[in-house]
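Please open the structure in your viewer and keep the sequence panel beside it. The tour below moves from one selection to the next, and at each stop it says what to select and what is there.

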Amino acid sequence: MPRIWIMYTGLMTRQPDVSAARRVFDRALRALPVTQHHRVWPSYLRFARRVGGIVAERVYARYVQMWPDRAEEFIAWCVAQGRWAEASRRLIVEIDSGRGGSAWRRLAQIMRAQPEAVAELRVEAILRDGIARGRGAGELWAALAAHFVARGLVEQARDIYEEAVVKVDSVKDFAMVFDAYAAFEEAGVAAALESEAERVAKGKAGDLMMDLKLLRLERLMDRRPFLASDVVLRQNPHSVAAWLKRVSLWREKNDEARIVETFEDAVLRVVPAKASGGSVAELWLAYAEYFGASNRAKEYRDVMDRAVAAPLGSKEELVDLYVAYAESELKGGNIESARRVLTRATAHTAKSLRVWALLIDLEEGAGSVAATRAAYDRVLELRIATPQTIVDYAQFLEDHSFFEDSFRVFERGISVFGYPVAIDLWNVYLARFVKRYAGEKLERTRDLFEQALSGCPAAYAQSIFLAYGRVEEEYGLARRALRVYERATQGVAREKKLEMFKYYAAKTAELLGLPATRAVYERGIAELGDKDAVALVLDYAKTECRLAEIDRARALYQYAAPMGVDMWAVWHEFEVQHGNEDTFKEMLRVKRSVQAKFNTDPKRLAALEVEKQAQRAAALAAMQPYPIFVQGDVVKGFGRGSKQLGIPTANLPSEAVERALTDIPIGVYYGWAQVKGGDVLPMVMSLGWNPFFKNEKRSGEVHIIHEFKDDFYGQNLKIAILAYIRPERDYASLEALVDDINMDISVAKNSLGRPAYTQIKNAAFFD
């Protein structure tokens with residue numbers, strides 16, 4: 001059926017009777033179902049375009065009525081044929097239907113370029129409607145003004161431009177409108193110049209129109225920064241930076257009335273909670289500084305008094321205002337006025353250390369001792385003091401000979417601050433106490449040192465022990481000093497014990513002589529680990545050499561040889577200087593026996609192997625391409641993760657480990673894990689033989705950092721390995737192993753927050 005109609009219409013389009021052809025097309029559309037109209041319309045439209053005129057317009061109108069979404073074809077045809085009014089009407093229909101897209105811009109271009117063709121339309125009303133809707137306001141304003149210009153209505157166009165520059169609310173629209181306005185005025189000036197030239201050529205007198213148009217253009221260019229500032233403030237009336245910029249514009253004009261007016265508008269309109277590009281306090285300070293710069297103290301104080309009573313964004317802003325207010329008064333030499341300001345500030349911002357610090361400085365420099373002490377005491381009562389405040393207060397009291405009061409301040413500060421801060425206060429306190437009383441109050445000095453040591457953690461005790469020992473050396477008894485050093489070897493942190501034993505030995509030699517150091521060395525060697533003990537043995541041997549006890553020194557070298565530290569070069573040098581052939585051979589025999597022992601000792605070999613593997617792991621991990629994706633069904637492991645460690649693990653099947661993880665070093669890794677299409681969660685994985693539990697085969701044990709209600713044996717586990725943490729280690733205790741695992745978990749949590757790692761969660765590998 002459609003085929004017959006298509007052939008029929010094709011025949012009719014070749015006939016000269018246009019009306020007959022139209023009627024055939026219409027009959028075809030009525031006869032065929034709507035679903036087959038698309039086969040007729042292409043030839044109908046070709047026919048209409050060929051005929052043109054009102055026929056084509058009505059055919060397209062009917063076509064668009066059938067398929068509204070194809071109105072663009074009709075509009076394009078109207079534009080091509082110069083049917084501007086119809087094109088404009090169709091664009092308006094598209095706009096009203098919500099299918100406009102760029103319709104407003106095209107409509108504006110037509111109305112701007114073809115004012116006469118669209119005169120029958122309500123151009124101003126249409127464009128103002130677009131402006132009200134916020135559709136490219138700058139272009140629509142420019143089009144409306146240009147429409148009036150094209151119609152010769154110059155004054156109306158100028159009014160439109162003036163209205164536009166004060167109503168647009170974006171910098172982009174403003175730039176478009178202002179450029180068009182400037183071009184409009186420049187065109188007027190150019191026309192006036194031509195007219196003036198013609199008048200002069202004809203010998204006629206000039207008129208004032210030329211001067212008027214030049215004045216208009218100059219004033220327009222002068223207004224540009226202010227108009228742009230208005231736009232920015234219309235966009236965001238809470239922009240502190242924009243208000244300050246506007247003030248600077250008026251300052252360039254040196255217009256005080258406008259400057260004050262702008263500041264008043266700013267502090268009135270900016271809402272503290274919405275302030276951007278600065279704070280309300282900055283506005284108030286700039287306002288006050290305007291008067292302060294010209295030494296107008298009364299106006300400055302009036303503004304600052306209003307500022308500290310006005311709503312602000314935070315307490316810190318209020319502190320900034322009070323501090324600036326007080327500093328300004330001090331700069332002007334108004335001490336009493338500054339004191340009054342700071343006294344008010346302490347009432348309104350009681351816990352601001354900045355305010356109190358300024359008040360304390362003021363009282364120290366220009367006030368009384370009693371007022372200064374009262375200020376310091378109030379800071380301590382409010383519990384806002386810092387360690388430096390304590391030291392400064394104590395120094396102030398000491399400078400005014402209130403020594404006991406200064407010591408009580410230190411004790412008060414130490415009770416407030418915990419370690420490690422307290423150790424610094426103790427060191428300063430003890431040093432000043434010793435300096436003050438020297439050896440006069442030795443028992444009290446000893447009590448102070450004992451108090452300092454009683455609650456001091458081992459990590460911070462060394463400096464107190466050393467100071468205590470020096471006091472005993474200088475003012476007490478040598479034996480008591482050595483007892484202090486002996487206590488220090490037990491009271492300091494483990495990593496400082498070797499240093500302390502060496503210091504103890506040196507002081508023993510100084511005070512009691514070299515033979516007395518033997519007991520110190522022997523005790524240290526017994527208490528320290530092998531590595532530190534060997535270092536002490538070497539010092540001990542040197543001491544014996546100084547005492548000419550060569551055999552004792554040699555015995556010490558023999559004692560240290562099995563400790564696993566390379567000391568053969570030192571022993572060799574010793575034998576060269578003090579030995580003979582027999583002793584040298586004995587040294588070589590000991591060396592061979594020790595090396596043979598270490599070469600066959602399983603623990604030593606295991607330690608060496610772990611160290612080598614760690615080095616290889618670090619090198620390989622640096623080159624390993626990440627991420628590495630692995631998956632497999634969870635299998636039953638050794639059952640120790642939850643029971644012994646409290647850290648449950650999911651074991652990868654051995655085939656997955658062998659297939660995907662053979663080429664990467666053993667050790668601990670972190671990355672992402674997903675169980676059976678669930679959430680992608682952070683994980684740490686141990687890959688290797690787990691030397692603490694003596695695994696017989698290489699395994700991959702994954703700890704997912706999440707609490708699961710049930711086991712998920714047999715479920716699919718997907719992991720993405722992202723980075724290497726550390727090598728596997730053997731441990732002396734289960735607690736040490738758990739500590740390291742918890743550290744690994746912490747490393748994983750911190751590292752996986754990086755953007756590059758979080759992106760891996762969205763990889764296609766995961767469901």
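This is a predicted model: local features need pLDDT of at least 70, side-chain atom pairs count only at pLDDT 80 or more; totals for chains, interfaces and linings use all residues.

How close do the axes of helix α20 (residues 369-381) and helix α21 (residues 387-399) come, and at roughly what angle do they cross? The axes of α20 and α21 come within 11 Å, and they cross at roughly 155°. Because angles over 145 degrees count as roughly antiparallel, α20 is described as roughly antiparallel to α21. Now show the side chains where the two helices meet: on the α20 side they include Val369, Tyr376 and Leu380, and on the α21 side they include Ile390, Tyr393 and Phe396.

The chain has 767 residues, of which 43% are buried, and its secondary structure consists of 37 helices and six strands. Its accessible surface comes to about 40,300 Å², and carbon and sulfur atoms account for 52% of that area. Among contacts between residues at least 6 apart in sequence, 56% join residues that are at least 24 apart.

Next, select helix α15 (residues 280-292) together with helix α17 (residues 315-331), whose axes come within 9 Å and cross at roughly 20°. That angle makes α15 roughly parallel to α17, and the crossing of these two helices is right-handed. At the place where they meet, α15 contributes Val280, Ala281, Trp284 and Leu285, while α17 contributes Glu317, Leu321 and Ala324.

From here, move to Val355, which you will find in helix α19 (residues 353-366). Is Val355 buried or exposed? With a relative accessibility of 0%, Val355 counts as buried. Display its surroundings and, leaving aside residues up to four places away in sequence, you will see that Val355 touches Val319, Val323, Leu342, Ala345, Thr346 and Thr349. One of these deserves a distance label: Val319 is 36 residues from Val355 in sequence, while the C-alpha atoms of the two are 6.9 Å apart.

A stop in a strand comes next, so select Gly671 in strand β3 (residues 667-675). Gly671 is buried, and its relative accessible area is 0%. Which residues does Gly671 touch, not counting residues up to four places away in sequence? They are Leu681, Pro682, Met683, Ala720, Leu722 and Leu752. If you also label Tyr757, you can follow a separation of 86 residues along the chain, across which the C-alpha atoms of Gly671 and Tyr757 are separated by 8.1 Å.

The last part of the tour follows charged side chains. Side chains of opposite charge can pair when their charged atoms come close. A search of the whole structure finds 38 salt bridges, and the stops below visit some of them.

Select Arg158 and Glu185, which form a salt bridge with their closest N and O atoms 3.0 Å apart. This pair links distant parts of the chain, for Arg158 belongs to helix α10 (residues 154-165) and Glu185 to helix α11 (residues 171-201), 27 residues apart. Arg158 is buried, at a relative accessible area of 10%, and Glu185 is buried as well, at 3%.

Then select Arg246 and Asp230, a salt bridge whose closest N and O atoms are 2.9 Å apart. Arg246 lies in helix α13 (residues 240-253) and Asp230 in helix α12 (residues 209-235), so this pair ties together parts that are 16 residues apart in sequence. Here Arg246 counts as buried at 12% relative accessibility, whereas Asp230 counts as partly exposed at 24%.

Continue to Glu450 and Arg487, where the closest N and O atoms of the salt bridge are 2.8 Å apart. Glu450 sits in helix α24 (residues 442-454) and Arg487 in helix α26 (residues 478-491), and the pair, 37 residues apart, again links distant parts of the chain. Glu450 is partly exposed at 30% relative accessibility, and Arg487 is partly exposed at 37%.

To finish, select Glu443, Arg446, Glu472 and Arg480 together, and you will have a network of residues linked by salt bridges.

Definitions and conventions
Residues are numbered from 1 along each chain as its sequence is written. Side-chain values use heavy atoms; hydrogens and water are left out. A salt bridge is a side-chain nitrogen of Lys or Arg within 4 Å of a carboxyl oxygen of Asp or Glu. Helices (H or I, at least four residues) and strands (E, at least two) are DSSP runs, numbered from the N terminus. Buried means under 20% relative accessible area, exposed over 50%, partly exposed in between (1.4 Å probe, protein chains only). Contact means heavy atoms within 4.5 Å. Accessible areas come from the Shrake-Rupley method with a 1.4 Å probe; for residues, only the protein chains shown count as cover. Axes are lines fitted to C-alpha atoms, for helices over the stretch in contact, and angles run from 0 to 180 degrees between N-to-C directions. Angles under 35 degrees count as roughly parallel, over 145 as roughly antiparallel, 65 to 115 as roughly perpendicular and the rest as oblique. A crossing is left-handed if the near helix is turned anticlockwise from the far one by less than a right angle, and right-handed if clockwise.
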